[in-house]
Amino acid sequence: MPRKHDPEREQVEWVFGLTGGELNDEAWGGFAYNYDEVPDYVRRDYPDLYDGNVSYRTVVGYFVYGSPPEELIDDEGIWERRATYASSGETECPLSPDRVEDARCPLCDSEPGDPHAYIYVGDGWAEVVYRLERPSDEE
Ligand SMILES: [Zn+2]
C-alpha cells in the first residue's frame with residue numbers, strides 16, 4: 001500500500017540526507033523516523049558495525065523537551081544509546097533555484113512565484129544512535 005504524502009517525512013529525509021529510502025516505514029521505539037545502522041558521516045566511529053552479534057539503529061527525532069531515552073527495548077533486546085548528533089535542522093530545497101509553480105512548495109513552503117528556499121524542520125532535531133549486543137553464543 002503506498003504511503004500517503006507526508007511533507008514532514010520528506011523534509012526529514014532531505015535535512016538528514018536520507019533520500020535514498022533509508023528510513024524504515026514503521027515506527028521503532030516510539031520514533032516515526034528511524035533507520036538501520038548509523039549516519040554515513042560517522043560510520044568510521046563504529047568499528048564493530050559489522051560484527052555479527054552487534055546491531056545499530058538510528059532514530060531521528062525532536063528533542064527540545066527532553067533527552068532521547070538511554071535505552072530502547074524491543075523483541076531483540078535492549079538497545080543502548082551511544083551518541084546523539086544534533087542537526088542544524090535545515091537544508092537548501094532540492095528544487096532550488098527554480099521558482100515555485102502552482103502551489104506552495106511542500107518541502108520549503110515557498111509561495112508560488114518565489115524562488116525555493118530552505119527546508120526547515122527546526123531546532124532540536126537530532127540523530128541518535130542505539131546499539132544492541134547479543135550474546136555471542138547466538139552466532
Ligand atoms: Zn521548495
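How many residues of domain 1 are in contact with residues of domain 2, and how many of domain 2 take part?

Modeller: Happy to! This is a predicted model, so local features need pLDDT of at least 70 and side-chain atom pairs count only at pLDDT 80 or more, while totals for chains, interfaces and linings use all residues. Residue numbers start from 1 along each chain as its sequence is written.

To your question: eight residues of domain 1 are in contact with eight residues of domain 2, a contact being two C-beta atoms, placed from the backbone, within 7 Å. The chain is divided into domain 1 (7-87 + 124-138) and domain 2 (90-122), with bounds from an automatic or database domain assignment. Their C-alpha centres lie 28 Å apart. On the side of domain 1 that touches domain 2, the largest share, six residues, comes from α1. By class, that side has five nonpolar, two polar and one charged residues; Ala, Val, Leu, Ile, Met, Phe, Trp, Tyr, Cys and Pro count as nonpolar, Asp, Glu, Lys and Arg as charged, and the others, Gly among them, as polar.

Let's turn to α1 itself. The protein chain has one helix and seven strands, taken as DSSP runs (H or I, at least four residues, for helices; E, at least two, for strands) numbered from the N terminus. Helix α1 spans residues 7-15, and its buried residues are Q11, V12, E13 and V15. Here, buried means 20 or more other C-beta atoms within 10 Å of the residue's own, exposed means 12 or fewer, and partly exposed is in between, with C-beta atoms placed from the backbone. The buried residues of α1 pack against β1 (33-36), β2 (54-62), β5 (90-92) and β6 (118-120). Just after the helix, G17 takes a positive phi of about 65 degrees.

The nonpolar core belongs to this picture too. A nonpolar core is a set of buried Ala, Val, Leu, Ile, Met, Phe, Trp, Tyr and Cys residues joined through C-beta atoms within 7 Å. The largest one has 19 residues, and V60 and Y130 have the most contacts inside it. α1, β2 and β7 (125-133) each supply at least two residues of this core, and β7 gives the most, with five. Domain 1 and domain 2 both give residues to the core, so it lies between them. As for Y130, leaving out residues up to four places away in sequence, Y130 touches Y56, R57, V59, L72, W79, E80, R81 and R82.

Finally, the sheet. β2 and β7 belong to an open sheet of five strands, ordered β1-β2-β7-β4-β3 with antiparallel pairing; strands pair if DSSP finds at least two bridges between them. β1 and β3 (71-74) stand at the edges with a single partner strand each, so one side of each is left without a neighbour in the sheet. A hairpin joins β3 to β4 through two residues, and the bridge partner of D74 in β4 is G77.
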